[in-house]
Every structure is written in C-alpha cells, then in structure tokens.
Amino acid sequence: MTQSLQQVLDASGDIVEMLRNAQVGPNVYPGVPAEYSNWRTEQQAWAKTAVLFNQSYHMVDLEVSGPDAFAMLNYLGINSFKGFVPDRAKQFVPCTAEGYVIGDVILFYLGENLFNLVGRAPAIEWVEYHAATGKWDVKVERDERWAMRTDGKRKSYRFQLQGPNAMAVLSKALGYDAPDLKFFHMTTLEFGGAKVRALRHGMAGQPGYELFGPWEDYAAVHGALVEAGKDYGLTLCGGRTYSSNTLESGWIPSPLPATYTGEGSKGFREWASANSYEAKCSIGGSYVPDSIEGYYLTPWDLGYGPFVKFDHDFIGREALEAKAAGPHRRKVTLALDNEDVMRVQSSALSKGERAKFMEYPSAVYAMHPFDQVLKDGQMVGLSTWIGYTANEGKFLTLAMVDESIATPGTQVTLLWGEPDGGTRKPTVERHVQTEIKAVVAPVPYSEVARDAYADSWRNRQA
C-alpha cells in the first residue's frame with residue numbers, strides 16, 4: 001500500500017532536513033533542447049525581436065468541469081471572481097487555512113462550467129484534493145507533465161509568443177492584424193489549418209500571446225508560427241533560456257507549498273501520496289529556519305497583495321484578514337555587484353576554498369531556493385530566484401525584503417551558498433559561504449516590462 005504524504009513526513013523526523021537533502025535539483029524542462037542556438041542570443045531575442053517558448057511539456061494541466069466548478073475554485077482562491085467570465089484568465093492563488101500560499105497557477109475560464117489550471121503541481125493537487133473530498137459536483141481531469149508519463153502525448157500543446165515583434169509574427173500567421181486584447185483576455189484564432197485559443201499574456205518582459213489547442217494540432221501550429229516568424233527574427237528558446245525569463249518579468253516561481261504542517265491541511269497530507277510534489281521537492285540556499293514554517297510565504301511576500309479580496313468566503317480568509325494590516329515584506333529585484341560575482345566565479349579557478357558555483361543563465365540549484373538577504377549583518381529578507389540576463393548584463397535575484405529597505409538604491413548583501421560546506425543534494429559541491437553586494441531595484445527589473453505590465457498584478461503590490 002502506498003504511503004501517504006503524512007506518513008512520509010512523520011518518518012522523516014525533520015522536514016527541513018529531508019527537503020534540503022532531497023536527491024533532486026531544480027525543475028527540468030523536458031521535450032525541448034537545452035539550447036536551440038545559444039542562451040545569450042535566445043535571451044536577447046525576447047527584448048529585440050521575438051521568441052517562441054514551448055510550454056507543452058513541463059507544466060501540469062488540470063481540467064475542472066461541472067455545475068460547482070466556479071463555486072469550488074472561488075472558495076479555494078484568494079482572488080475575487082466578480083466579473084470573471086468565459087474567455088478570461090487570472091493568476092489563481094490558493095492558501096492554507098493559516099493564510100500561507102500553496103502555489104499559483106494560471107486559471108483559464110474556457111466556457112460555461114469549464115476551467116483549466118496550468119502550472120506547478122502544488123496548487124493543482126490542492127484543487128484535486130478538494131474535488132475528491134468535498135461537497136462539490138465537479139469532475140477533474142489531470143494532464144500530467146511530460147516527465148511523469150510514457151504515452152508520448154498530452155491533451156494540449158502550449159506555446160508562448162513574446163517580444164516586440166510578437167504581434168507582427170502572429171499577424172503574418174493569421175493573414176490579418178492580430179487582435180489587441182486586454183491583459184489576460186482570450187479569443188479563438190485560426191491559422192495553420194487549426195483553431196487556436198489565444199491568451200494575451202507576458203512572460204519575458206514583453207507583451208505577447210499564449211497559444212494552445214489539441215495535441216494533434218501541435219506540429220501544424222508550431223510550423224505556421226516558425227514560418228511566419230522568419231522575417232521578424234523569431235527565435236526558438238530552449239530549456240536553459242526559459243528558466244531565466246522570470247528574472248526580467250518579476251514572477252517568483254518557487255513558493256514552497258505551505259501544506260507540511262497546520263491543522264487546516266492535515267486532511268490533504270493524509271490524502272496525498274508519497275509520490276506527491278511535496279514529498280519529492282527540494283530546498284536549497286543559505287536560509288535554514290528552525291522549522292519548515294520558516295519557509296512559508298504570504299500573498300504579500302510574493303506581490304500578490306492586490307489579489308486578496310474579502311468579498312467572498314475562501315479558505316484562509318480569517319487568517320489573511322488578521323495579516324492584512326501588515327507589516328509585509330515587499331517583492332524587489334536585487335542587482336548583484338559585478339565585481340563580487342566575478343570574485344565568486346573566479347574562486348572556481350583556484351585549488352583553495354571555492355564559493356558555490358554560479359551556473360549561467362540560471363543559478364538555481366534546488367526546486368525552492370531560499371538565500372538570506374542581509375543589511376548590516378542582519379537578515380532583512382529572502383532571495384528566491386537567481387540568474388543572469390544578457391539583456392541587462394547582470395546577475396539578478398528576485399527577493400522579498402522588509403519594507404524599511406525596499407527603496408530602490410538600498411545596498412544589501414546576498415549570503416550565497418549553504419552552511420557547513422553544503423547539503424547532500426546532487427547539485428551541491430563542497431563550498432564556503434560568501435556575501436555578494438547587491439542593490440535593491442524595482443520589480444519587474446526590465447523598464448519595458450514595467451511599462452507593458454502597467455495594468456498587471458506584477459506592478460501592483462499594495
């Protein structure tokens with residue numbers, strides 16, 4: 001009989017120790033090459049021409065249908081569903097009863113009583129649990145990510161067309177001017193001999209479209225976009241590049257699901273199996289709290305404060321009402337000092353003590369990175385994603401810091417590397433910790449992204 005998640009946690013003795021030494025590295029991006037050309041050119045294309053990301057393989061899809069689908073999702077999310085109608089989408093954020101984030105996904109309202117959730121598994125599994133155990137008249141159908149299946153196909157393909165030339169590429173494929181939709185609005189288009197659902201979205205610091213449809217149309221739609229993009233510098237992006245695009249757009253992809261403890265999620269832990277995401281993920285970085293709760297995040301930590309709407313009953317409402325007044329950490333970008341970064345990297349060229357190696361373009365080495373941000377030797381925040389952008393010529397991190405030091409231009413340091421020589425994760429070599437100077441900067445870091453996302457959650461943290 002398969003163990004439950006609760007049994008796995010009980011057997012671990014120390015959840016922090018279990019996850020920090022889990023034998024897995026960062027998320028992988030299967031189904032596409034690591035690089036089609038090289039990741040520097042691929043990064044620069046989203047700022048200068050256009051890119052095509054292939055999201056068909058690495059994310060989980062969950063279809064939710066039935067008479068109670070709207071009501072159940074409304075009950076599980078901190079978001080307001082007022083005015084939410086078909087052909088719209090939103091960032092969907094569920095919390096525990098204690099008011100901590102489980103994860104976030106994109107919620108597509110496809111039609112009457114029909115929704116699709118796309119993203120990392122924790123929020124998907126939370127919805128599946130409530131569909132299976134609650135009072136709701138709903139049906140859920142999971143379309144598992146590529147790494148977890150053997151049949152060689154999925155229900156849907158999913159592409160991201162981004163960059164300053166994205167609209168021109170789509171217009172060429174259509175044979176007429178692409179519709180200029182509002183952010184997170186959807187429509188249905190037709191090209192490549194197929195009907196294509198299109199969501200106005202942005203990922204790489206530029207506005208663009210997410211395009212999706214039945215798996216059997218994958219090749220025709222992909223081919224039509226590549227052909228249409230030949231005159232507009234359309235560049236295919238591999239897995240290495242994809243994992244770094246969030247540095248410029250400002251989305252933190254790695255909140256640890258806050259379901260390891262707490263009475264409000266006990267039923268979930270007993271329902272979930274030893275193969276669940278929570279049992280299999282890893283944590284890395286210089287921040288090691290006394291208990292797993294030290295990694296839990298609120299919506300405000302992640303910049304999701306504007307999502308929290310007390311106009312409906314939802315799991316976590318009472319706890320979030322108590323937290324609403326603050327204080328809250330604020331999401332920022334940290335621009336790392338070039339000389340300090342080179343000092344860290346040059347240590348690899350010595351036979352002496354070495355700092356934790358910094359990979360390009362993504363230096364993330366666990367599924368959930370947590371590094372300390374320091375000011376005058378005191379911890380003032382957490383860095384949760386780190387990497388290099390060729391567009392800015394900088395190593396950047398996405399962080400959440402105390403309001404008192406959130407002003408752009410404030411100087412802080414990043415404590416880089418794990419204590420005591422590093423954990424037993426396979427992605428961690430023996431190393432010493434070191435501090436890297438950094439400057440607090442806006443989020444999104446890209447000026448284009450700040451303008452393009454003016455009406456987006458990415459720019460509203462109040």
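1. The model is predicted; local features need pLDDT of at least 70, side-chain atom pairs count only at pLDDT 80 or more, and totals for chains, interfaces and linings use all residues. Residues are numbered from 1 along each chain as its sequence is written, and side-chain values use heavy atoms, without hydrogens and water.

2. Average pLDDT (the predictor's confidence in each residue, from 0 to 100) is 93 for the chain, and 94% of the residues score at least 70. Residues 453-458 fall below 50, yet this stretch has 27 contacts (heavy atoms within 4.5 Å) beyond near neighbours in sequence. Where pLDDT is low, predicted coordinates should not be read in detail.

3. Helices (DSSP runs of H or I, at least four residues) and strands (E, at least two) are numbered from the N terminus. The axes of α6 (residues 166-174) and α7 (residues 218-228) come within 8 Å and cross at roughly 115°. Axes are lines fitted to C-alpha atoms over the stretch in contact, with angles from 0 to 180 degrees between N-to-C directions. V169, L170, K172 and A173 of α6 meet A224, L225 and A228 of α7.

4. Two peptide bonds deserve a look. G326 to P327 is cis, with omega near 5°; P327 sits in the loop between α12 (317-323) and β13 (330-336). Y360 to P361 is also cis, omega about -10°.

5. D87 is not a glycine, but its phi is positive, about 70°. D376 is exposed (over 50%), at 71%.

Conventions: Buried means under 20% relative accessible area, exposed over 50%, partly exposed in between (1.4 Å probe, protein chains only).
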